[in-house]
Amino acid sequence: MGGIILKISNESIIEMYTKMLKIRKFETKAMNAFAEGDIPGFVHLYLGEEAVATGACANLRDDDYITSTHRGHGHIIAKGGDLKFMMAELFGKETGYCKGKGGSMHIADATKGILGANGIVGAGHNIAVGAGLAAQYKGTDQVCICFFGDASTNQSTFHEAMNLASVWKLPVIFVCENNGYGISVSQARHQNITDVSVRATAYNVPGITVDGNDVFAVYEAVNEAVTRARKAQGPTLIECKTYRHRGHFEGDPTVYRSSEELEKWMKKDPIPRIEKYLVENSIVTEEGIKTLNGEVDKMIADAVEFALSSKNPSKASAVEDVYTDIVEEARLR
Amino acid sequence: MRKMTYGQGIREGMRTRMLEDPNVFIFGEDVGKFGGCFGVTAGMFDEFGESRVRDTPISEGVIIGAAVGSAACGVRPIAELMFIDFLTVGMDQLVNQAAKMRYMFGGKINLPMVVRLPAGGGVGAAAQHSQSLEAWLTHVPGLKVVYPSNPQDAFGLMLSAIDDDNPVMYIEHKAMYAMTGEVEDEVKPIPFGKASIKKEGSDVTIVTYGKQVFDSLKAATILSKDNIDVEVIDLRSLYPLDKETIFASIEKTHKVVIVSEEAKRGAYTGELAAIIAEECFFECDAPIKRVGALNTPIPFNPELESYVLPNEMDIVEAVKALF
């Protein structure tokens, strides 16, 4: 980190750091709330991967699009999602982004171009192509970032989407978060390559691998790709090598990986790395970092308070929103 | 009035809206210069250009997925699958994405998309190009499913399909593309959930849709010689379903036969029979009868195919069994 000559302002760097803190603290809170039984269902945490979503989305405008994954909280925060509505959705409340009908894996915000987290591995690839198609068709310079994991590049959707995006020169940036595992199966056991970016060659698309725990490296790579996409020069595949600090989902005993491996990656934790950079380059003082941490802690506490004080959705709402114009039949009880 | 084929009815529905609304466009396999495998988009590439009539790679997953993604971003795509059988390749994009996004996202994203699905047998296309898969689609909350039986309805239902803010599955019977019929000079959108009574009658109700409307009308003519007066209801829209028209007819005839081209096991006709049994049982004075294909894949040999598929004589027999 710091080896790259950055063309970003200190304000933008501080904004990126704050986003990373938001993700870190949101996810830590979600982890604890899940452990205490306050959050139903499954939770897939983004802890450790904060630099990818943050560095990538720092290049986007509000009217640009993203597609996300089951591990989506980080992408949504990075694209400008509201912490209160997100937390309320995790708690299943009517004030949540999806009125309590989607939960952790299905948060979306059309006003911010967030086309949804997704419970189906690889499903976002094709939806991102659709978003890119809409932008191209309408003649705007909007782009779509498609976030996905290493294991999803074994799905047929990856091939179909990369191929069509390349043939039609669609403004899609494919950002692979290679965290080394497809649930419990290591990359070496699920694909016979080390760098996912080599797959770009098959589509005649630029492919690059970067350190996904270096927010500036991610920013730079995505910046170039977004610039190309806005100029109608087509898609790019960017692989960000990273690691999830937690298991696939909360409750995963992670028997498939060693504590040595985790320790090795904890040394590359993206948050202390950017903090060191901020202090060493006199962008923020240590005191300033404490202040920012305090501010984000307050936002998270407010989000939790918002979620806890919100109502559960009414039963009647269960039969709404299937269609724009049909309310399905309800039960008597 | 003017004469038009079923295929032209579909095309004119698309053309009408494309001329009015620049957000409407079509993509699919060979829909461009080639004009579509069944010629439905013939001439549209030259009329509307490459951007609005797009050839895709042979990739059904991304055809449906691109419709989902683009519909979510403010345009109104029409995706053509060459055969409904190819849905299997893109099923996730349809069932887990298109059908559920609006609900999962709390009603905050609309998907105004149409998927055109050529279906049905009788053309010697064998097991992977002849299926009737409407039950897969009607089973999924979030999808609307329509199935025109004539050029006028093909036109009017297409207008409504494009106007709808939900994913609409528009099923076309490929043995009907060349069938001609009268079409009004100015076609209005046909609202979904409104069945059409093709023939009034007092003795027995046939509930059907698609190509089986013709077979049912043929059966009705044959049965009239035995003084059995058949009412034929063309559903047009499978979901939403016009229960009122079905129930009102059964209240009059007290007998019902449900006809489709599907393999009978797990067919949409089973759902219709269940609805009638649950909500209209006391109006029936005979068992609810169903006519469908045999429970086999569709065979290639023409004699075998016509043996497996239902025809008007199977309908005649089913009706007579109620008397």
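This is a predicted model: local features need pLDDT of at least 70, side-chain atom pairs count only at pLDDT 80 or more; totals for chains, interfaces and linings use all residues.

Reader: Okay, which elements do the buried residues of α12(B) pack against?

Author: Let's begin with the residues themselves: in helix α12 (residues 312–320) of chain B, the buried ones are Glu312(B), Ile315(B), Val316(B) and Val319(B). They span an arc of only 100 degrees around the axis, so they sit on the same side of α12(B). The elements they pack against, all in chain B, are β10 (204–208), α8 (212–224), β11 (230–234), β13 (256–263) and β14 (289–293).

Reader: And strand β5 of chain B, how many of its six residues are buried?

Author: Take the faces one at a time. On one side Val114(B), Arg116(B) and Pro118(B) are buried, and on the other Val115(B), Leu117(B) and Ala119(B) are too. For β5 (residues 114–119), that makes six of six.

Reader: Which residue in β7(B) is the bridge partner of Ala119(B)?

Author: Strand β4 (residues 76–80) of chain B joins β5(B) through three bridges, with Ile78(B) opposite Val114(B). Six bridges link β5(B) to β7 (residues 168–173) of chain B, also running parallel. There, Ala119(B) is partnered by His173(B).

Reader: Last one: which element gives the most to the side of chain B that touches chain A?

Author: The contact takes 36 residues from chain B and 37 from chain A. On the chain B side, the elements giving two or more residues are α3 (60–72), α4 (87–98) and α5 (101–104). With nine residues, the top contributor is α3(B).

Technical notes:
Residues are numbered from 1 along each chain as its sequence is written. Chains are lettered from A and ligands numbered from 1 in the order in which they are written. A residue is buried if 20 or more other C-beta atoms lie within 10 Å of its own, exposed if 12 or fewer, and partly exposed in between; C-beta atoms are placed from the backbone. Helices (H or I, at least four residues) and strands (E, at least two) are DSSP runs, numbered from the N terminus. The arc is that of the directions from the helix axis to the C-beta atoms. Two residues are in contact if their C-beta atoms, placed from the backbone, lie within 7 Å. Two strands pair if DSSP finds at least two bridges between them.
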